[in-house]
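Subject: Structure handover

Hi,

Here is the structure for you to look at. Please keep it open while you read my notes.

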Amino acid sequence: MLDKLNKFSPKNLFTQLKEGLNKTREHLVGRMKNLFSLFKKIDDQFWEELEEILISADVGVTTTEKIIEGLKEKAKRIKEPSELMEALKGDLATILQGKGGALIECAEKPTVVLVVGVNGTGKTTSIAKLAHKLKSEGRKVLLAAADTFRAAAIDQLQIWAGRVGVDLIKHKEGADPAAVCYDALSAAKARDVDYLIIDTAGRLHSKSNLMEELRKVKRVTSREVPGAPHETLLVLDATAGQNAFLQARTFMEMSDVTGIFLAKLDGTAKGGIVIGIADELEIPVKFIGLGERLEDIREFSPQDFLEALFEAPEKS
């Protein structure tokens with residue numbers, strides 16, 4: 001029991017976050033620190049170099065321009081480039097402020113969580129991680145395989161459900177996703193489940209069909225459970241860069257996304273996407289994935305993210 005508590009202690013969770021951001025820290029913060037120390041004066045070349053660093057870390061062009069303009073204003077009162085680091089950190093904190101947030105938990109069970117995202121983003125694994133996290137916190141969780149157009153999606157979710165130790169409601173391949181949701185909602189109410197997590201299809205090449213499918217799922221869930229779905233989480237692949245922005249905007253047109261699960265953040269040097277998402281999309285990043293294990297999930301905290309990003313790596 002003590003080992004389990006130590007495993008999930010705040011100290012170990014922060015260490016996990018720091019390690020998960022190693023590539024981004026080196027690529028983004030490390031390069032910025034070098035830039036600020038090498039340049040003796042703030043000139044056009046300095047701004048061009050800083051802009052290149054931010055864009056290459058997938059902060060995004062629009063957000064990068066906003067950051068640069070803000071820093072140029074502050075630079076009027078600053079002589080040394082090295083003094084801009086704290087100003088930059090402060091600007092990033094402003095952008096990220098209020099862009100985290102915990103998962104909703106309804107007073108009346110079940111809380112229904114709809115999970116959307118393009119196939120291949122890590123959606124199924126992210127669902128498993130979220131289920132594991134909720135179960136480890138004492139919640140009763142049920143999964144629903146409403147991505148019925150891919151047999152592999154149903155099979156993968158069945159495997160993960162077994163690993164997590166939660167039940168899965170599923171139909172055969174090609175079944176009506178809304179029918180799966182109806183059965184899952186009935187089961188969730190009968191079994192006194194705290195959270196029902198519904199996997200949905202992610203086929204952007206057939207956008208109109210997907211939109212109608214999501215509408216049907218929402219109609220069924222809201223009819224069976226008032227206010228459902230209570231959360232619609234969009235899973236994005238942090239390694240996808242600007243494609244993730246395009247995916248996010250497409251899904252935002254089709255559904256009321258309430259939060260983002262940013263998967264595979266440990267596998268990229270371009271974790272600056274967190275900053276761009278917070279600034280441009282105005283959707284909270286609720287969870288981040290930091291590895292392949294079920295435990296490699298964290299609620300997103302803007303403050304912890306910045307502290308881990310700017311903190312110097314521990315010496316071995």
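Below is what was found in it.

This is a predicted model: local features need pLDDT of at least 70, side-chain atom pairs count only at pLDDT 80 or more, and totals for chains, interfaces and linings use all residues. Residues are numbered from 1 along each chain as its sequence is written, and side-chain values use heavy atoms, with hydrogens and water left out.

**A buried leucine**

Start with Leu143. It lies in strand 2, residues 141-145. Helices (H or I, at least four residues) and strands (E, at least two) are DSSP runs, numbered from the N terminus. Leu143 is buried, at a relative accessible area of 1%. Buried means under 20% relative accessible area, exposed over 50%, and partly exposed in between (1.4 Å probe, protein chains only). Leaving out residues up to four places away in sequence, Leu143 touches Ile127, Ala131, Leu157, Ala161, Val166, Asp167, Leu168, Ile169, Leu196 and Ile197. Contact here means heavy atoms within 4.5 Å. Ala269 is 126 residues from Leu143 in sequence, and 32 Å from it in space, C-alpha to C-alpha.

**Backbone features in loops**

Next, two cis peptide bonds. One runs from Lys109 to Pro110, with omega near -5°. Pro110 sits in the loop between helix 6 (84-96) and strand 1 (111-116). The other runs from Ala228 to Pro229, again with omega near -5°. Pro229 sits in the loop between helix 10 (207-224) and strand 5 (231-237).

Now look at phi. Asp58 has a positive phi of about 65°, although it is not a glycine. Its place is the loop between helix 4 (44-56) and helix 5 (61-75). Is Asp58 buried or exposed? Asp58 counts as buried because its relative accessibility is 7%. Glu282 is not a glycine either, and its phi is positive, near 60°. It lies in the loop between helix 12 (273-280) and strand 7 (285-289). Glu282 counts as exposed, because its relative accessibility is 54%.

**A negative patch**

Last, the surface. Asp44, Glu48, Glu49, Glu51, Glu65 and Glu69 gather in a patch of negative charge. Patches are made of residues with over 30% relative accessible area and no salt bridge; like charges are joined within 9 Å, and nonpolar side chains (Val, Leu, Ile, Met, Phe, Trp, Tyr) within 5 Å. A salt bridge is a side-chain nitrogen of Lys or Arg within 4 Å of a carboxyl oxygen of Asp or Glu. Helix 4 gives the most to the negative patch, with 4 residues. Glu69 belongs to helix 5. It counts as exposed, at 52% relative accessibility.

Best wishes

Definitions and conventions. Areas by Shrake-Rupley, 256 points an atom, 1.4 Å probe, with all protein chains shown as cover. Lys, Arg positive; Asp, Glu negative; His and termini not counted. Charge placed at Lys NZ, Arg CZ, Asp CG, Glu CD.
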